[in-house]
Amino acid sequence: MKINWGVGIVIAFGLFITFILYFVVMVQSDSKYDNDLVVEEYYKHDAKFGDEMARIQNVEDLAQKPTINIVSNGVEIVFPKIFVPKNIKGKVSLYRPSNKKLDFQIPISLSDATTLLIPIKSLVRGRWDVNMEWQYDGKSYLSKETIYIN
């Protein structure tokens with residue numbers, strides 16, 4: 001059987017289309033390649049951007065800021081001694097950019113110490129984005145930081 005150039009082009013296009021469709025199906029069916037948004041309600045989040053910037057500025061205006069330290073048994077969030085621990089309320093959100101399923105939140109509830117410890121067992125190695133939203137004496141604050149767990 002003799003194949004002319006027209007049939008050869010059709011066969012080449014057919015093989016190319018099959019090759020592309022194979023990779024599209026593989027990427028769409030494998031959960032390793034999930035492409036979730038960082039924030040579920042993107043437009044609602046952006047509508048409150050001005051308020052977020054005001055809370056970030058409140059943290060910048062503080063003489064002593066909370067610090068995030070990586071210690072052997074986890075991640076330690078230390079509030080300055082000038083704050084009364086019982087009056088600090090809020091939450092710490094940990095976002096894993098590579099996997100939405102690992103994201104979690106911890107409420108800030110301090111009794112006597114000004115330190116909050118996040119255990120190392122709840123953190124997977126790699127990059128974490130830490131957002132601390134907290135209130136003290138009627139003023140709202142927002143701290144954002146990126147940490148790397150080894």
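**View 1. Phe83 and Trp134 sit inside.** Both Phe83 and Trp134 are buried, where buried stands for under 20% relative accessible area, exposed for over 50% and partly exposed for anything in between (1.4 Å probe, protein chains only). This is a predicted model, so local features need pLDDT of at least 70 and side-chain atom pairs count only at pLDDT 80 or more, while totals for chains, interfaces and linings use all residues. Residues are numbered from 1 along each chain as its sequence is written, and side-chain values use heavy atoms, with hydrogens and water left out.

**View 2. Here are the aromatic rings.** Rings of Phe, Tyr and Trp (its six-membered ring) pair if their centres lie within 6.5 Å; planes under 30 degrees apart are stacked, over 60 edge-to-face, and the rest tilted. That rule gives seven aromatic pairs. Take Tyr22 and Phe23: their ring centres are 5.2 Å apart and their planes stand at 75°, so this pair is edge-to-face. Tyr22 counts as partly exposed at 48% relative accessibility, and Phe23 is partly exposed too, at 42%. Phe83 and Trp134 also pair edge-to-face, with 5.6 Å centre to centre and 80° between the planes. Phe83 lies in the loop between strand 2 and strand 3 and Trp134 lies in strand 6, so their pair ties together parts that are 51 residues apart in sequence. Ring pairs also link Phe79, Phe83, Trp134, Tyr136 and Tyr141 into a cluster.

View 3. Strands (E, at least two residues) and helices (H or I, at least four) are DSSP runs numbered from the N terminus, and two strands pair if DSSP finds at least two bridges between them. The order here is 4-3-6-7, with antiparallel pairing. Strand 4 (104-109) and strand 7 (139-149) are at the edges with a single partner strand each, so one side of each has no neighbour in the sheet. On average, neighbouring strands are turned by 20° against each other, direction ignored; for angles, axes are lines fitted to C-alpha atoms (for helices, over the stretch in contact), and values run from 0 to 180 degrees between N-to-C directions. Helix 3 (residues 49-60) packs on this sheet, touching strand 6 (126-136) and strand 7, and its direction makes about 80° with that of strand 7. Touching here means contact: heavy atoms within 4.5 Å.

**View 4. Zoom in on the strand 6 and strand 7 hairpin.** Eleven bridges join these two antiparallel strands, strand 6 and strand 7. Asn131 stands opposite Lys144 in strand 7. The hairpin has two residues between its strands, and Asp137 in the turn has a positive phi of about 50°.

**View 5. Look into the largest nonpolar core.** A nonpolar core is a set of buried Ala, Val, Leu, Ile, Met, Phe, Trp, Tyr and Cys residues joined through side-chain atoms within 4.5 Å. The largest has 24 residues, and Ile77, Ile88 and Trp134 are among those with the most contacts inside it. Strand 6 gives the most to this core, with five residues. Leaving aside neighbours within four places in sequence, Ile88 is in contact with several residues, including Phe79, Phe83, Ile108 and Trp134.
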